[in-house]
Each structure stands twice: as structure tokens, then as C-alpha cells.
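Trainee: Hi! Could you walk me through a structure today?
Mentor: Happy to, here is the one to look at.
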Amino acid sequence: MSIGMVFSRLFGNKRKASSIPKNYKEVTPKWHSAAFLICDKCGSKLAPSPEAPNPSGELRKWLKEELKTRGAWGKVRVLGSSCMDICPKGSVTVGILSDLPREKARCLIIDPQRDKNDLLSEILEYSARAPQK
């Protein structure tokens, strides 16, 4: 299943992924196996002040650095996201979109500091299962 089809299922788009208008160019990104969407709005609610760094952005930067260090960056991608309409109090929503077998789109509710190592482990599992390109 392609990421486009996963997005369609997650967001209820009634068009099939194969019905992309002919003037669009479709590409398969290196990170087609999984995308982890970290809600920036959730993080902004956790920041102690408007001038403080957004915890979602800090988590995203940390994950990217860790994934690069471990050679997993590229198979999976960690991206910032706008609101996913889950809005947990005191936590951050992380959406997972994957085209790996037996995976479905899902969301995790995490504490960006306390749970970051567990989230990294989850992402590394997806990376390990990703086919080599």
C-alpha cells in the first residue's frame, strides 16, 4: 500500500490513489515505508512561554539526529504536522503512516520528553522492517 493510499484511508479522501490527475507527477520518496507526523500545535500548548522552543520541534530534531546517527534516516521520516484533531492535554500526538505489511495508520499520545526513547525504538523497528532500496 502506498503512502498516498494510507493518507486516503486516514483522511477519508474518496479518490483512489491511482486517480491522480495526469498533469501531476508522482514520485516514491526514499522514506516511503513510514512517516511519523508530530503535531506542532500540541507542542506549542506544552511550551512554558511563547518564546520557549516548541517541544514537538525539539523532539523532531532529536529524533532526526538519532536516526541519522544510527543509519536509519531515509527509510523512515519524522515530519512536523498541523493539528490532527486529537488534542491530548499535556501530551503530543504522533501520527504513523506506513505502507509496510500488516500496518495501519494510527496515532500515539506521548510525552515528548519522557517517551522519546520509546518512540525512537518504535521508529527504529519500522526502519528495520523497511525494504532496501
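Predicted model: local features only at pLDDT ≥ 70, side-chain atom pairs only at ≥ 80, totals over all residues.
Trainee: Okay, the core. Which residues touch the most other members of the largest nonpolar core?
Mentor: Phe36, Leu63 and Ile123, out of 24 residues in that core. A nonpolar core is a set of buried Ala, Val, Leu, Ile, Met, Phe, Trp, Tyr and Cys residues joined through side-chain atoms within 4.5 Å. Buried means under 20% relative accessible area, exposed over 50%, and partly exposed in between (1.4 Å probe, protein chains only).
Trainee: Which elements give two or more residues to this core?
Mentor: Strand S1 (34–39), helix H3 (55–69), strand S2 (76–81), strand S3 (92–98) and H4. The largest share, five residues, comes from S1. Helices (H or I, at least four residues) and strands (E, at least two) are DSSP runs, numbered from the N terminus.
Trainee: And what does Leu63 touch?
Mentor: Not counting residues up to four places away in sequence, Leu63 touches Ile38, Val78, Lys116, Leu119, Leu120 and Ile123. Contact here means heavy atoms within 4.5 Å.
Trainee: Switching to Ser127: buried or exposed?
Mentor: Ser127 counts as buried, at 4% relative accessibility. Ser127 sits in helix H4 (residues 116–129), and beyond its neighbours within four places in sequence, Ser127 is in contact with Ala72, Lys75 and Val76.
Trainee: Now the charged ones. How many salt bridges are there?
Mentor: The count is seven, where a salt bridge is a side-chain nitrogen of Lys or Arg within 4 Å of a carboxyl oxygen of Asp or Glu. One of them pairs Asp40 with Arg60 (2.9 Å, N to O).
Trainee: What does that pair tie together?
Mentor: Asp40 lies in helix H2 (residues 40–46) and Arg60 in helix H3, so the bridge ties together parts that are 20 residues apart in sequence. Asp40 is partly exposed at 26%, and Arg60 is partly exposed at 22%.
Trainee: Where do Lys61 and Glu58 lie?
Mentor: Both are in helix H3, three residues apart, about one turn of the helix.

Key: Residues numbered from 1 in each chain as written. Heavy atoms only, no water.
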